[in-house]
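Thanks for making time this morning. I would like to walk you through one structure, so please keep the sequence and the picture in view while I talk.

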Amino acid sequence: MLLGFSSRYEKVYQGSVLDLIAETVKEALDMAKLEPKDIDGIITSWLPWIFDSTLAIGFPENYISEYIGIRPKFTDLVQYGGASAVEMFYRAYKAVKSGEADRVLCIIGGKGTLMKKQLREGGLERLSEVELLNILRNNPFDEFIRVYQDMDPISFYAMVAARHSKLYGTTDEQRALLAVQQRYNANSNERALFRGPLTVKDVINSRVVSTPLHLLEITYPIDGVLAFIVGKGISQLRSMDVISYGDAVWPEFFAERDVDIVYTPTIESAKKIDFNLNKIDAFEIYDAFTIMVLTELEDLGLTEKGKIGKFIEENDLTIKGNIPVNTGGGSLNMGQPAYMSGIIILEEAFLQFNDMAKGHQVNGADYILVNGLGGWNTHATTLVIGEKR
């Protein structure tokens with residue numbers, strides 16, 4: 001089902017975003033031994049300003065198809081924010097299974113660093129200033145919610161971390177321990193942007209960006225693209241199926257929800273998963289911030305709500321441990337392409353399943369759970385991949 005994949009991640013990519021896409025797609029096609037004419041489906045995602053610094057592109061799936069020379073009979077545009085990559089894989093799988101397409105090319109990423117550059121050149125420091133100026137809107141009530149110049153989205157996840165600490169006593173040190181364990185994994189991954197020794201003390205001593213989150217608990221935005229092809233045909237890759245899938249959409253902005261902010265939509269998407277989590281060999285968990293991983297692991301059911309701090313202390317989440325989590329170091333160490341960590345965790349699942357994770361391979365990675373979160377905890381996609389037997 002997975003015929004080929006490729007990615008390119010750079011701190012700052014010097015070419016255009018279309019060049020970045022073309023290079024990455026060619027590598028994915030080469031792995032699949034296909035040409036553009038063999039592709040009859042395309043799925044992409046597009047975030048305003050993040051993709052290539054424009055605030056709008058008409059019909060992005062057509063825009064990209066034309067540039068790389070494919071003529072699809074099936075198209076889809078996934079707007080799940082950070083969870084989009086994971087959702088795209090499932091939709092491509094479903095399209096092929098239903099006969100809507102034979103080979104679907106999925107493309108996700110962009111040059112998010114352009115937005116940061118333009119903000120600074122425009123004399124603005126924060127995305128929330130753009131939202132306050134009504135240039136970019138995320139919901140119908142921005143003028144009522146965006147009263148202060150917060151550090152969107154860092155401030156939101158800082159509130160989640162502060163709330164989790166207040167309700168359950170989760171400590172800075174427990175969140176830092178998660179960062180340390182992911183760094184251990186990154187140290188064996190030659191593609192990781194950040195490598196080297198890291199201690200709990202290092203994380204705690206890094207500067208506070210938004211209380212209580214420290215610098216080393218926050219992913220670093222980079223440029224990058226992931227391209228993958230799902231379809232019928234012979235592949236050099238291992239036969240991969242969707243073993244179980246669940247998703248959830250919480251459209252209300254977080255202040256309007258009837259659930260506490262320490263819960264994520266994963267608590268709903270995980271209920272749709274029909275698979276024994278004790279049989280999962282590796283967990284790839286959305287990790288733009290340490291607190292996201294902690295709340296997702298709770299909502300997946302690995303431990304009770306409020307017990308994650310103790311869980312982190314009592315389990316080894318490294319590639320040599322009893323519950324391997326974010327086996328390549330996650331986006332905390334790889335960087336976050338186009339502000340969407342789902343790209344990193346989905347590709348790591350592909351690598352692990354195909355025994356291609358050089359240096360950070362988990363032995364016998366037959367079943368992998370990928371959990372994507374996006375849009376200030378508005379979307380969740382939970383996926384178990386493996387080989388049907």
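Predicted model: local features only at pLDDT ≥ 70, side-chain atom pairs only at ≥ 80, totals over all residues.

The chain has 14 helices and 12 strands. Its radius of gyration is 20 Å, close to the 21 Å that the globule rule gives for 389 residues, so the chain is as compact as a globular protein of that length. Along the principal axes, the C-alpha atoms fill a box of roughly 55 × 50 × 40 Å, and 61% of the 389 residues count as buried. If we take contacts between residues at least 6 apart in sequence, 74% of them join residues at least 24 apart.

Now to strand β1, which covers residues 2-10: 7 of its 9 residues are buried, so the strand is largely enclosed by the rest of the structure. Strand β7, residues 221-231, runs antiparallel to β1 and is joined to it by 8 bridges, and within that pairing Arg 8 has Val 225 as its bridge partner.

Which residues does Arg 191 touch, leaving aside those up to four places away in sequence? They are Ser 7, Arg 8, Tyr 9, Met 334 and Glu 347. Arg 191 itself is found in the loop between α8 and α9, and with a relative accessibility of 39% it counts as partly exposed, because that value falls between the 20% and 50% cut-offs. Its side chain makes a polar contact of 3.0 Å with the side chain of Ser 7. As for Met 334, it is 143 residues from Arg 191 in sequence, yet their C-alpha atoms are 7.1 Å apart in space.

Technical notes. Residues numbered from 1 in each chain as written. Heavy atoms only, no water. Buried < 20%, exposed > 50% of the residue type's maximum accessible area, 1.4 Å probe, protein only. Helix = DSSP H or I, 4+ residues; strand = E, 2+ residues; numbered from the N terminus. Pairing = 2+ DSSP bridges. Contact = heavy atoms within 4.5 Å. Polar contact = N/O pair within 3.5 Å; in protein donor to acceptor, adjacent residues only side chain to side chain. Rg over C-alpha atoms; globule rule 2.2 N^0.38 Å.
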